[in-house]
Each structure stands twice: as C-alpha cells, then as structure tokens.
Amino acid sequence: MLSVTNIDASYGHAKVLHDISLEVNSGEMVFIAGRNGAGKTTLLKSIAGFLKPSTGSITFDGKSIMELPAEKIALSGIRYVFQDKRVFSQLTVKENLEIAAYPVKVSIADAIGRVVSIYPKIEKFLNLRAGTLSGGQRQILLIGRALIGDPKLLLIDEPTEGLAAGTINDILNVLSSMKGKVSMLIVEQNLSVVGMLADKVYMMKEGKIVQEVTDKAQMNNKIQLEQCL
Amino acid sequence: MINTIAYGLTIGGILYIISIGLSLTFGTMRIVNFAHGLIYAIGAYLLITLLPVARNNFILGAFLAVLAIIPISYIIERFVVRKLYGVSIDYAIIATYAVVLIGVDLIKWIWGSSPIPLSDPVGIDVAFLGITLPLYRLIIIALAVIIFIGLAIFFKKTMVGKIVTAALEDKDAVRSLGINVDKYFAYIFVIGSCLAALGGVLYAPITSVHPYMGSMVLLLSFAVVLVGGLGNIKGTFVAAFALGMVMSVTGRLWGPAAETMVFVVMGIVLIFKPIEV
C-alpha cells in the first residue's frame, strides 16, 4: 500500500533522513520507534507532503505521491494526525468535524457517526470549544477527525505523548478498534504501547532505520527493543 | 468634546474597514502586504472615474469601484502574494512595496499627481447633543459596525469562514484534511482588498484623493492590526476605534502629535503583548 524507498530529507542544509525505506501493507499497524531527534516526525511529514524528500521515492497504491502537495496526498487517502494534539481550539468539536467532512463531501451527521463509532463519549462534547477538551479527548478528536471520509492510511505522530495512564488506555482502545480496518503508521516512544499493538516496528536512530522488527516476541521485549536505539 | 468623539469614531470606522482586510491577510498568510494601502488609494480613484458613469450616484459609484477592485486584487494575489507564502517576511515586504511603487506611478500616469477633492455625497448635517455633525460621518460609523457584525457572522456561520478561522490557528492541520488553504486565503485577500477599497471610497470625500494617500493610512492600519491581534476581528474592531479616538483626542490637544500618539500606544501594547510573526 505505502512504499517508501531510499528517501533522504533535509531542513535547509541539515540532513535529517538518510536512505529510509519502509513498507506498510493493507490493514497493517506499523510503528516507528526511536529517541527524540531520531527523525520519526520528519519521516511522517515527508510521507504526508509537508517536507519534500531530496531523493528516493514514495508510492501509495502504486502511484508516486512525492510531488503532490499535502492536501492532494490527504485526498488520495492518507491522513496525518500531527503531534501536540493540534485541534482547532477556537471552533467547537462539531465544527472541527465539519471542516474534516467538507473536502471529502461527507455529511456532518455521518462524520459525527464515524467518530462516535470509535469514541461514543464524544457526543457529549460536540458543542464545546475544542480548546476546552482534555489532552486525551483532543487526541481522540484528532484521530476521529482524520477518519472522516474513510482514508486508507493514517499517519499518527506520538498519540500517547504527555497523557496519563488512564487516558492512554482510551487511546489504546480507539487504536485497537481501528486495527485491521485502516492501515496505520504510528510514531510512538512508549515501547509498551508498541508491543501491544504493532504488526511491525521500524527502529530509528540518527535519521536511519536501524532495524525492522516483525517478530511478536521481540516486539514485546522492551529491553531488546531499547537495545536497538 | 462631542465633536472630538464623533471625529474619533469616524476615523475609527474608516480604520476598521481598512485594517480588517490587512489583519486577515497578515493573520492567515503571515504576509506584510504593503499593497493594501495602494488598493485603498485605487478604490478612491476608481470612485472618481466611475462617478460620472454612475451619473453621480455615490452609492452606485462606490459599488462599481469596489467591484472593480476584485480583478485587480486577484491579479496581485495570484502573481505576487501567492508566490510569497511560507517564504521569509522580508521578501513579502520588498515584493509588495514594489507593487506599491508601480501602482503609485500608474496612478500618476492615469489620474495625475494633483490632489482631487470630492464633496460630501450626503451634504446633510444632523444636530446631536447641541452640536451639528455631517450625516455622512455617522453613516461611516454605522457601516463599520455593520461590516463588523457581517464578518463575525461570516466567520461563524459559513464554511469558508470556519476554514479560515481554523487556518489562522493551524494552516498545516487544515491542509492535512485535504483542503487547499491557498484558495481560501485568496478569497480572504480579495475580500480584504474590497474592504480597503471601500475605505478609500468612503474616506475620499473627507480628505483629498492623491497618489500617496495610502501610505499613512497603511501605517495606521498596521498599528491597528498589531494592537488588535493578527486575524482577530473583535480585537481589530476595538483597536481601530480606540486608536481613532487616540488620534482625535491628541489632535484636539496638540495637532502635530495626533498620528505619532497612535504609534506610541502601539509600542506600549507591544511591550506588554508582543506578537509572533
């Protein structure tokens, strides 16, 4: 489904990604793990069209998406959920969903229904300003917002970052409920979360993929994963 | 004193109409658009040209002048401003200032350098609390309030308004949902330019129309935008009237300091509430 082949990417003269290659197949939940500054977010940004790689290729469903602007990549079926729980805080939860529904021509009722299907509690917050939601609720709103229009692939950046243990469980439940229905490429530093959900893990260090882990036993072994970093 | 207040409100009304467009383009695109003042001047000149076409009907002439700004502002947005998205703010200043230089010379070439006076289109004074005020000025104040309410409804109720509100906060997040933000910024640029032209049209009968009339009003508008907050409709409204009042009261006490005081207030506000550009 998604194929990234030998990409390099830079911010100005600073090269951040070095010869990255990865694959995400249909229905797979793939994680990218690594320490701060390893280039994980840069990799997601490169796939989502917010940073143009200098070399290599990125194909989605067999078509090159590397030259497309971010909005066209989104419409092709890839949605990017940013780090830092970036909801439109001045707008209500319902208006956040309305904006997501507009470009994919989904009715607001269907959009709300889609998000309620993964997190029923959101119905209570529809008329609240998104800026008043808790960190966990914001994260779920972002994931729900990205699901409107049934994308084929979600890119999610640090979904559990800065959240309390109880809230992380809510996020895990949401991600588990989506598993198999939509492909996901998730950046995550919490190796316990990775071990619980991943079909495949790419370990990143200093802008390079240092290991691809597909063995479930190895994924569940935090110490072994940490040794890769 | 009431006369001073009335003058301050008139200046505030005009400043709001001009500044809100600048605030929205500055807030959404992060582009310092010097051409905004040029559009204000062109609006006034187009009024002068189109008034005979409209058989001296001021409302029709003003409408046609604002309408004529749409293609002009679209050309500036499409071929200059759109190329400046995301680049350093310095390039925007240089490029839009170049547009001003070209535009001012075109104005001189088409309409000449001499100031052109325009009479009060209403020509009626109304008595109010013991003083007489030109009705035209009261109409300007009322129009500013109507535009403020109209824009508030536009941003709250329409999809374009909601998308722009979201993009003001996080442009990339809007793009990540599949929305071509630049298209909506172009709408806002054209709406903002139409409002600048309307400001020029409305202010033309109060002042004289000349090629450089946009320069000072642009600086005052920047002060309003910085005090009111980038892309902040309510803040711009309050700041425009507050600074209009500052100009009016200072002008009454010591005329030469009227405009300077606006920038003193702006400086004080920025000390306590700095902005990120």
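**A loop residue and its surroundings**

Mentor: Glu206(A) lies in the loop that runs between strand S9 (200-205) and strand S10 (208-213) of chain A. Keep in mind throughout that this is a predicted model. What makes the backbone of Glu206(A) worth a look is its phi, which is near 50°, a positive value in a residue other than glycine. Most residues other than glycine have a negative phi. As for its surroundings, Glu206(A) has 13 C-beta neighbours inside 10 Å and therefore counts as partly exposed. The cut-off for exposed is 12 or fewer such neighbours, and the cut-off for buried is 20 or more.

A second residue of chain A can be set beside it. Glu158(A) has a phi near 50°, again a positive value in a residue other than glycine. The place of Glu158(A) is the loop between strand S7 (153-157) and helix H6 (165-178) of chain A. Is Glu158(A) buried or exposed? It counts as buried, because 21 C-beta neighbours lie inside 10 Å.

Chain A contains 9 helices and 10 strands. Its C-alpha trace spans about 45 × 40 × 30 Å along the principal axes. A compact globule of 229 residues would have a radius of gyration near 17 Å, and chain A, at 17 Å, agrees with that. Of those 229 residues, 45% count as buried. Among the contacts in chain A with a separation of 6 or more, 69% come from residues 24 or more positions apart.

One helix pair in chain A can be described in detail. Two packed helices are described by the angle between their axes and the distance between the axes. For H3(A) and helix H4 (residues 108-118) of chain A, the angle is about 110° and the axes are 9 Å apart. That angle is why H3(A) is called roughly perpendicular to H4(A). The crossing of H3(A) and H4(A) is right-handed. On the H3(A) side the contact is made by Leu97(A), Glu98(A), Ala100(A) and Ala101(A), and on the H4(A) side by Ile108(A), Ala111(A), Ile112(A) and Val115(A). By class, this contact of H3(A) with H4(A) has 7 nonpolar residues, no polar ones and 1 charged.

Chain A also touches chain B. This contact takes 21 residues from chain A and 16 residues from chain B. On the side of chain A that touches chain B, the elements giving two or more residues are helix H2 (70-75), strand S6 (78-81) and helix H3 (93-101) of chain A. That side of chain A has 14 nonpolar, 2 polar and 5 charged residues.

On to the partner. Chain B has 11 helices and 2 strands, and along the sequence its pattern is α-α-α-α-β-β-α-α-α-α-α-α-α. The C-alpha trace of chain B spans about 60 × 45 × 35 Å along its principal axes. For 277 residues a compact globule would have a radius of gyration near 19 Å, and the 18 Å of chain B agrees. Buried residues make up 49% of chain B. Of the contacts in chain B between residues at least 6 apart in sequence, 74% join residues at least 24 apart.

A particular pair in chain B is separated by much of the sequence. Asn3(B) and Arg252(B) are 249 residues apart in sequence, while their C-alpha atoms are 9.9 Å apart in space. Asn3(B) sits in helix H1 (residues 2-29) of chain B, and it counts as partly exposed because it has 14 C-beta neighbours inside 10 Å.

Helix H2 (residues 35-53) of chain B and helix H3 (residues 58-79) of chain B pack at an angle of about 140°, with axes 8 Å apart. H2(B) and H3(B) are therefore oblique to each other, and their crossing is right-handed. Residues of H2(B) in this contact include Ile39(B), Ile42(B), Leu46(B) and Leu50(B), and those of H3(B) include Leu64(B), Ala65(B), Ile69(B) and Ile72(B). By class, the contact of H2(B) with H3(B) has 16 nonpolar residues, 3 polar and no charged.

Note on methods:
Residues numbered from 1 in each chain as written. Chains lettered and ligands numbered in written order. Predicted model: local features only at pLDDT ≥ 70, side-chain atom pairs only at ≥ 80, totals over all residues. Contact = placed C-beta atoms within 7 Å. Helix = DSSP H or I, 4+ residues; strand = E, 2+ residues; numbered from the N terminus. Nonpolar A, V, L, I, M, F, W, Y, C, P; charged D, E, K, R; others polar. Axes fitted to C-alpha atoms, helices over the stretch in contact; angles between N-to-C directions. Parallel < 35°, antiparallel > 145°, perpendicular 65-115°, else oblique. Left-handed = near helix turned anticlockwise from the far one by under 90°. Rg over C-alpha atoms; globule rule 2.2 N^0.38 Å.
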